[in-house]
Every structure is written in C-alpha cells, then in structure tokens.
Amino acid sequence: METCRSGYCSDIYKTKQSNGIVRCKGCNEILFGSVLMSGTPNRCGKCHQYPYNPCPNDDELRVEILAFRTQEGLRRLYQPKICCFNVKFSEEVSVSSLQQEIEEYTDIPCSNQLLFEPYTEEPELLRLLYDADLMKPILESNYIIEQRYVFIPEEDNLQKKTIKVLQLHLAVLDNDQLEAPVRKISEIHLSIWKRLTVKAFGSHKVLHVFVYQNFNKARLNHLIHEKWKIPISNQILITMGKEVKPSDVFSDNVVIYLAVTDRFEDNLFTLGIKNFEVFTLKFLTREEDLRTHQFKFVNDVKRYILKKYKIRLEDQSLVFRNQQLKGDQPLFDLHIEENSMKPVVLNVIVVEDSFILTVFQNMIAYEDTFTVLVKNSYTISTIKRCIEARTGVPFKYRQLYIGTTVLDDDEKTLQDYMFTPGWPDLVLKQKLMIRLHFVDTGEKVEYSEIIDKNCRKTVKDLTKEILQLYGLKKCQLLEIRDENEVKIDLKTRDLLVTVNELSLLINKDAASTCRLM
C-alpha cells in the first residue's frame with residue numbers, strides 16, 4: 001500500500017489557508033497563534049497523535065468522518081475531522097458497517113452515532129441517515145463520492161494521485177450510557193443530540209424516533225404532517241399525561257403520544273392512533289355517541305342530557321373509570337386519561353328519587369285518576385304491577401300509554417321512554433280480550449281491541465262483526481262467556497266497556513241444525 005510521506009497523507013485540501021485560516025493536520029481544527037506548538041508546524045495542542053491515514057488503493061474508498069456542526073459561523077468552514085479510514089469500494093459495504101469502524105476509532109457505540117450526508121443538490125445542507133439509509137450498500141446510494149488529488153512520495157519527488165473520498169458528518173445521540181471519555185469528544189465541537197420517540201396514543205405503538213438538538217412543538221407538528229399527512233389542526237401531542245403546549249421544552253429521550261381529532265384514511269388507524277373525535281354516553285339500557293368538540297366541560301354534557309332526556313342536573317351523576325366526575329372537569333382530559341384503544345365511556349347514573357305518578361283512566365265506571373309511587377329506573381313491568389295492585393284488575397285487560405306511545409316493552413324503564421316528573425300523565429285504557437274457539441275444527445283465534453270510555457259498541461255489535469267476518473250464521477254461534485266464565489245472553493246489548501274478556505264458542509258444521517247447545 002502506498003502511504004504518504006512520513007507515513008501520513010499530506011493532503012493540501014485540509015491544510016490550505018483560507019482567509020487567513022490555518023487548520024491542524026491531525027484533527028483539522030482551526031489553529032490560532034496561542035495554540036501552535038513550538039517545533040511542530042501546523043499542529044494544535046489538542047492532538048496527541050496524527051490519525052492513521054494511509055492512502056487508499058484503487059479499489060478502496062477513503063471515508064472521512066467530520067464533526068457535525070450547527071454554529072452558523074463555522075458551517076461555512078471545513079469541519080473538524082474525527083477519524084479517517086479506508087474500506088473496499090464494493091456492494092458489501094454499507095454505512096452500517098462504517099459505524100463499526102467509527103466505534104473502533106472513537107469508542108462511540110453504533111447506537112449512539114448519528115450520521116449525516118450532504119444533499120446532492122445543496123452540499124452545504126446535511127441530511128440525517130435513518131435505518132433504511134444505513135443498510136443500503138454505498139454503491140447503490142447517491143452519496144457524494146469526491147475525486148481528490150493527493151501527493152505520495154517517490155524518492156525525493158512527490159507524485160500526484162487521485163483517490164475517492166466519502167465525507168459523512170457525525171453527531172452523538174446522548175443518553176445515560178455515554179461514558180465520560182466519549183463526552184470529551186465535544187472538545188472538538190462534536191454535537192450532542194437527543195432522542196424523541198413518537199408513539200400512537202391508545203396502542204402505545206412506536207411510530208417514529210426523531211433525533212434533534214433544538215426541537216419544539218411547531219417543528220414536530222410539521223414533521224408529523226409531512227410523514228403521515230395529518231393536518232396540524234387535528235394533531236394532539238401528549239406527554240406525561242398532559243397535552244404539549246407550544247412553549248414546552250422537550251427533555252432528553254422524551255416520549256410523545258400522538259392522537260387525532262378527526263377521521264382520516266384507514267391506513268392511519270392501522271398504526272393504532274386513537275381518535276378523540278367521539279365519546280360514548282351510556283345509560284342503563286342505551287348508548288349514544290357524541291362528538292367531543294361539541295363539549296368543553298362535563299357540565300356541558302349534563303346540560304345536553306337535560307335538554308334531550310329531561311333529566312334534571314341535580315339528578316345526574318356522570319361516572320368515568322369508576323370515578324364520579326365534577327362539573328368543571330375538562331372533557332378533553334378524560335381522553336388523555338384513557339391511553340388505550342378503549343373508547344371513552346361516560347356512564348349516566350340517575351339519582352333514585354321516588355316521585356308520584358298520576359295515571360288517568362280512560363275507562364267508564366272507574367275513577368278518572370289515581371297515583372302510584374315510582375322511580376325512573378322502574379321497568380314497565382314493575383309499573384304495571386303497581387297499577388294492578390292499585391286497581392285490582394289484571395293488567396292483561398289494560399293498555400298503558402305515555403301520550404300516544406304504547407308502553408308495551410316490559411323490560412324498558414320509564415327513563416328509556418324519556419319520562420320525567422311533570423310530563424303528561426300516563427293514560428290507562430281498557431283492552432278487551434276476544435277468544436274464538438271453533439269446536440268442529442279445534443281452531444282457536446285470540447286478539448284484542450282497545451276500548452275507549454266513550455265507546456258505545458255493544459256485545460251484540462261485536463258478535464255481528466265476527467259472524468260477518470267468518471261468513472257464519474247466528475245459529476253457528478253456540479255461546480258467549482265473560483272473563484269470569486259467566487254465560488252472556490246472545491241478544492244482550494251490554495256495552496263492551498262493561499266487560500274485559502269475551503270467549504265465543506262456534507260450530508261451523510251447525511248450519512244445518514241451527515240449534516244452540
């Protein structure tokens with residue numbers, strides 16, 4: 001291998017003067033008169049030995065690792081060199097393999113190395129290399145490979161030679177495992193960077209790891225928008241159980257959780273990002289989804305319940321994760337507390353205060369109204385039992401209404417029917433049960449009719465309608481009995497409001513004899 005004079009490369013590029021600036025041959029730091037060592041030209045007091053810089057062969061590539069700098073005043077100058085080594089210029093060499101060489105020279109662990117490359121279009125700008133860049137072979141990448149002239153000794157004359165040079169810039173990712181000797185590399189202004197991990201709020205999935213020196217919320221919002229196309233106005237950034245504010249300063253190795261406030265493309269939800277757009281209001285027997293942005297405080301939700309469900313504010317208790325909520329609690333804070341994919345569910349508990357319920361009886365021969373003591377959580381079945389105990393009439397002969405709504409689902413509660421004290425009274429109407437038994441065929445038919453108290457229809461009118469419906473003659477109607485099994489005269493003109501049940505015995509084959517049993 002050809003080597004430089006005295007065993008080192010005499011590279012004019014890094015030692016030339018520029019505007020009066022002289023750099024050290026060893027570390028490439030700027031030299032000032034006060035740091036020049038006597039008897040050693042172009043050496044600074046920080047260098048204890050020259051870097052090992054053999055000239056690369058034709059099939060090799062020189063890799064120069066420079067210190068990454070952010071000081072605007074120094075970025076225009078040639079950066080201090082950390083180390084220099086040669087590698088085979090082949091497809092087997094990737095940047096990740098270079099990191100092992102860097103660790104050998106500098107003792108900086110590969111996991112703490114941050115490598116940057118100059119942009120092809122704008123070399124004065126640097127781009128951080130991520131995992132995909134590190135694994136790609138150098139030959140397949142678009143790194144700037146510089147062709148440089150150097151001089152090598154041959155007897156007493158210097159010969160010029162062209163070599164291939166790749167320059168990468170190095171910074172250090174700081175953490176608690178960095179040892180003190182490694183930190184001393186900051187003496188040549190090696191930048192110390194920090195790590196910021198973005199996780200999906202809800203699933204805790206790691207979405208991306210950013211490294212930074214000076215970072216703020218606005219910058220992170222911008223990067224998230226670039227990477228996942230989430231509008232900045234719909235991003236929610238959370239750390240340490242609180243939403244990130246524009247003035248917050250990120251600490252080292254901080255974890256930021258990302259949530260959203262609107263619906264986006266499905267591929268975002270595959271990342272496990274929770275949506276703060278909706279929360280669920282859960283009653284005893286029903287649920288309702290509401291949009292978060294419509295409510296600021298818990299009291300706003302209570303006022304919504306009052307308006308829609310007519311439940312007084314003092315009768316409401318909203319519970320989240322087994323904790324009763326205060327009215328001035330921000331609703332947004334509840335979303336932050338639930339860092340899982342479970343939806344935010346507010347359980348609505350109605351205070352069990354009893355109240356007097358007025359029932360209006362729309363039936364003749366009964367008092368117009370009566371009252372029963374009930375609760376909003378009572379099921380319709382319980383209400384019917386209360387009314388049955390009050391009237392002494394089996395409820396199968398009654399129909400219950402709220403306004404024009406029939407209360408026919410025994411499992412529902414008064415609350416489910418949105419009933420509250422002060423609303424219109426319950427209305428109780430008579431339900432006439434009608435049973436037809438055809439003795440010749442064994443067929444049985446059962447149905448009911450609601451009878452208003454002003455109904456003037458008689459038993460005789462009803463039987464006439466039934467005979468016409470089935471095409472029967474009077475002689476085929478054998479008998480009629482009421483709910484007490486008392487036989488009723490076929491010619492009676494008693495009103496239907498006076499009976500609760502009618503059972504008709506019919507024989508279709510009796511047309512020829514027309515004889516009553």
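User: Buried means under 20% relative accessible area, exposed over 50%, and partly exposed in between (1.4 Å probe, protein chains only). On that scale, does E479 count as buried or exposed?

Analyst: This is a predicted model, in which local features need pLDDT of at least 70 and side-chain atom pairs count only at pLDDT 80 or more, while totals for chains, interfaces and linings use all residues. Residues are numbered from 1 along each chain as its sequence is written, and side-chain values use heavy atoms, with hydrogens and water left out. The relative accessibility of E479 is 17%, so E479 counts as buried.

User: Which residue forms a salt bridge with E479?

Analyst: A salt bridge is a side-chain nitrogen of Lys or Arg within 4 Å of a carboxyl oxygen of Asp or Glu. For E479 the closest N and O atoms are 2.9 Å apart. The partner is partly exposed at 24% relative accessible area, and that partner is R481.

User: How many salt bridges does the structure hold?

Analyst: Among the residues involved, R435, E446 and E501 are linked in a network. The total for the structure is 14.

User: Where does E277, the salt-bridge partner of R291, lie?

Analyst: The side chains of R291 and E277 meet at 2.1 Å, N to O. The pair links distant parts of the chain, 14 residues apart, with R291 in strand β15 (residues 287-291). Helices (H or I, at least four residues) and strands (E, at least two) are DSSP runs, numbered from the N terminus. R291 is partly exposed at 39% and E277 is buried at 4%; E277 lies in the loop between α7 (266-269) and β14 (278-282).

User: Which helix holds both R303 and D300?

Analyst: R303 and D300 form a salt bridge with closest N and O atoms 2.6 Å apart. Relative accessibility is 44% for R303 and 21% for D300. They are three residues apart, about one turn of the helix, and the helix is α8 (residues 298-309).

User: Which residue of β15 stands opposite F279?

Analyst: β14 and β15 run antiparallel and are joined by five bridges. Opposite F279 stands L290.

Notes
Pairing = 2+ DSSP bridges.
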